[in-house]
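Here are my notes on the model you sent over.

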Amino acid sequence: MREPKYYPTKIEGIFDTHAHLYDERYGEEGTFSSDVLERCAMAGVTRVLVPADNMESSKAAMSYVEVNQGLSGVDLYCSIGIHPHEASSYCPEVRQWLIDTLQPEVRSTYNIMALGEIGLDYHYDLSPRDVQREVFKDQLNIAYELDIPIILHEREAVGDSMDILRSFKKEGRLRSNPGVCHCCSASPEIAAELVSMGFYIGFDGPITFKNNKSAPEVLNRVPLDRIVIETDSPYLTPEPNRGLTNEPCYVPFVAAKIADIKGMSVEEIVKITSDNGCKLYGINF
């Protein structure tokens, strides 16, 4: 295996807003967590949000935060929710567990900041599309009723996703800060519409790929105060480490690419995106 490359300078205060650090690639039950978090600290990553995609991983994310909070000086947060791939597992018991776990006292214990990942994914169709749509709508209702942002996952389902969000917006059932469009692959026009709804837009590894010609145009349609950075670890590793298991310590390469496109310094982008992440999730900074 080739040696990973790290960003040449440490930039303090980075917020990786999306990293699945409980994943088995980091060791059984997170046994390598301290190494990952040490590398976070070395890269200047001081905050990480650990998202989930089903009931099992939601519990894993909560446990990860509880066990590893503060290691190497990294503040950890998490989300819980049912990903569209897992929509077929959604049932009254899972729904009630989400509601119970999103009560304020539980949220504060585990630093649960969002409901997600939720949305639609028509690429693999691992759950029937009609089931995905109903589960997405039900979780949107839960997020609105419990006043918590969502982490939106959308892949090859932009039409249905936007129709649902527009309907909720029209009915007044989206928060003023609805959440974040994670790993945004939308057109510039759709990204701008999501921003107009109040969403933040998440950019990660693919923005560094040489064949990603749409990234500059999308970025130029998203205001600076709506951009957050993420890795989606262990997936979507940015250049120059593409092909290796992704980690939050590689997120400076995402910030650097955004800085290059925006004509700004990396330090400026880190400060802006970290502040945005805190505003998105209601974190004091």
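**Notes on the predicted model**

1. What joins β7 to its partners? On one hand there is strand β6 (residues 179-181), which runs parallel to β7 and is joined to it by 2 bridges. Here Val-180 stands opposite Tyr-200. On the other hand there is strand β8 (residues 227-229), also parallel to β7, with 3 bridges between them.

2. From β7 the chain passes through helix α8 (residues 215-221) to reach β8, in a right-handed β-α-β crossover. A right-handed β-α-β unit is also made by β6, helix α7 (residues 188-197) and β7.

3. Stepping back to the whole sheet: 8 strands form an open sheet, with parallel pairing and the order β1-β2-β3-β4-β5-β6-β7-β8. Its edge strands are β1 (14-16) and β8, each of which pairs on one side only. On average, neighbouring strands are turned by 30° against each other, direction ignored.

4. Elsewhere in the sheet, strand β2 (residues 45-50) and strand β3 (residues 75-80) run parallel and are joined by 4 bridges. Leu-49 stands opposite Tyr-77 of β3. Helix α5 (residues 129-145) packs on the sheet, where it touches β4 (112-121) and β5 (150-155). The direction of α5 makes about 155° with that of β4.

5. Is Asn-68 buried or exposed? This residue has its place in helix α2 (residues 55-68). Asn-68 counts as buried because its relative accessible area is 7%, and the cut-off is under 20%. Leaving aside residues up to four places away in sequence, Asn-68 touches Ser-33, Leu-37 and Leu-76.

6. Helix α3 (residues 92-101) has a buried set made up of Val-94, Trp-97, Leu-98, Ile-99 and Thr-101. The buried residues of α3 pack against α2, β3, α4 (104-110), β4 and α5.

7. Now for a helix pair. The axes of helix α6 (residues 158-170) and α7 come within 12 Å and cross at roughly 20°. That angle makes α6 roughly parallel to α7, because angles under 35 degrees count as such. The crossing of α6 past α7 is left-handed. On the α6 side the contact is made by Val-158, Met-162, Leu-165, Arg-166 and Lys-169; on the α7 side, by Ile-190, Glu-193, Leu-194 and Met-197.

8. Helix α9 (residues 251-262) and helix α10 (residues 266-281) have axes that come within 8 Å and cross at roughly 110°. Therefore α9 is roughly perpendicular to α10, a term that covers 65 to 115 degrees. Here α9 passes α10 in a right-handed crossing. Ala-255, Ala-256, Ile-258 and Ala-259 of α9 meet Val-266, Ile-269 and Val-270 of α10.

How values were computed: Residues numbered from 1 in each chain as written. Predicted model: local features only at pLDDT ≥ 70, side-chain atom pairs only at ≥ 80, totals over all residues. Heavy atoms only, no water. Pairing = 2+ DSSP bridges. Right-handed = clockwise from strand over helix to strand, strands pointing away. Axes fitted to C-alpha atoms, helices over the stretch in contact; angles between N-to-C directions. Contact = heavy atoms within 4.5 Å. Buried < 20%, exposed > 50% of the residue type's maximum accessible area, 1.4 Å probe, protein only. Parallel < 35°, antiparallel > 145°, perpendicular 65-115°, else oblique. Left-handed = near helix turned anticlockwise from the far one by under 90°.
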